[in-house]
Amino acid sequence: MMPDDWTISHFSQSNPVGSGQGNVAALLRRVAGTLDGLGDVSVQDITFTSAVSEGEDDLTMTVYFHREPRRR
């Protein structure tokens, strides 16, 4: 669990190393599943980075969020 005293919470996620590591759609689904598991949060920002590796690109997404219901 993340500390409650942070100004904003965040998590970073990548695909497993190996075949499919550079699959952007799979990473988006993985991040969406994590967000669903957090419940009703307000997302502040999402960053996407790609690093060249020996095999497929190493992709990472970082999601910054507040533990408060999103505005509707």
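**Helix, sheet and core of the predicted model**

Helix α1 comprises 15 residues and extends 21 Å from its first C-alpha to its last, close to the 21 Å expected at 1.5 Å a residue. The buried residues of α1 are L27, V31 and L35. These residues cover an arc of only 75° around the axis, which means that they lie on the same side of α1. An α-helix has 3.6 residues a turn, so residues three or four places apart point the same way. On the other side of α1, by contrast, R29, D36 and G37 are exposed. The cover over the buried residues of the helix includes β1, β2 and β3.

The protein contains one helix and three strands, and from the N terminus on its elements follow the order β-α-β-β. Taken along the principal axes, the box filled by the C-alpha atoms is roughly 40 × 20 × 20 Å. Of the 72 residues in the protein, 21% are buried. Among contacts between residues at least 6 apart in sequence, 59% join residues at least 24 apart.

The three strands form an open sheet in the order β1-β3-β2, with antiparallel pairing. Its edge strands are β1 (9-14) and β2 (42-51), each of which pairs on one side only. From one strand to the next, the twist averages 15°. Helix α1 (residues 24-38) packs on this sheet and touches β1, β2 and β3; the direction of the helix makes about 145° with that of β1.

Strand β3 (residues 58-66) runs antiparallel to β1 and is joined to β1 by six bridges. In this pairing, S14 has T60 of β3 as its bridge partner. Nine bridges connect β2 and β3, again in the antiparallel sense, and these two strands form a hairpin with six residues between them. Within β3, M61 is the bridge partner of F48.

T49 is located in strand β2 and, because its relative accessibility is 43%, counts as partly exposed. When residues up to four places away in sequence are not counted, T49 touches D58, L59 and T60. The C-alpha atoms of T49 and M61 are separated by 6.4 Å, although the two residues are twelve residues apart along the chain. In a regular strand the side chains alternate between the two faces of the sheet.

The largest nonpolar core consists of nine residues: F11, L27, V31, L35, V41, L59, M61, V63 and F65. Both α1 and β3 supply at least two residues of this core. The most is given by β3, which contributes four residues. The buried residues of α1, namely L27, V31 and L35, are also listed among the members of this core.

Terms used
Residues numbered from 1 in each chain as written. Predicted model: local features only at pLDDT ≥ 70, side-chain atom pairs only at ≥ 80, totals over all residues. Heavy atoms only, no water. Pairing = 2+ DSSP bridges. Axes fitted to C-alpha atoms, helices over the stretch in contact; angles between N-to-C directions. Contact = heavy atoms within 4.5 Å. Buried < 20%, exposed > 50% of the residue type's maximum accessible area, 1.4 Å probe, protein only. Core = buried A, V, L, I, M, F, W, Y, C linked by side-chain atoms within 4.5 Å. Expected span 1.5 Å × (residues − 1). Arc of directions from axis to C-beta.
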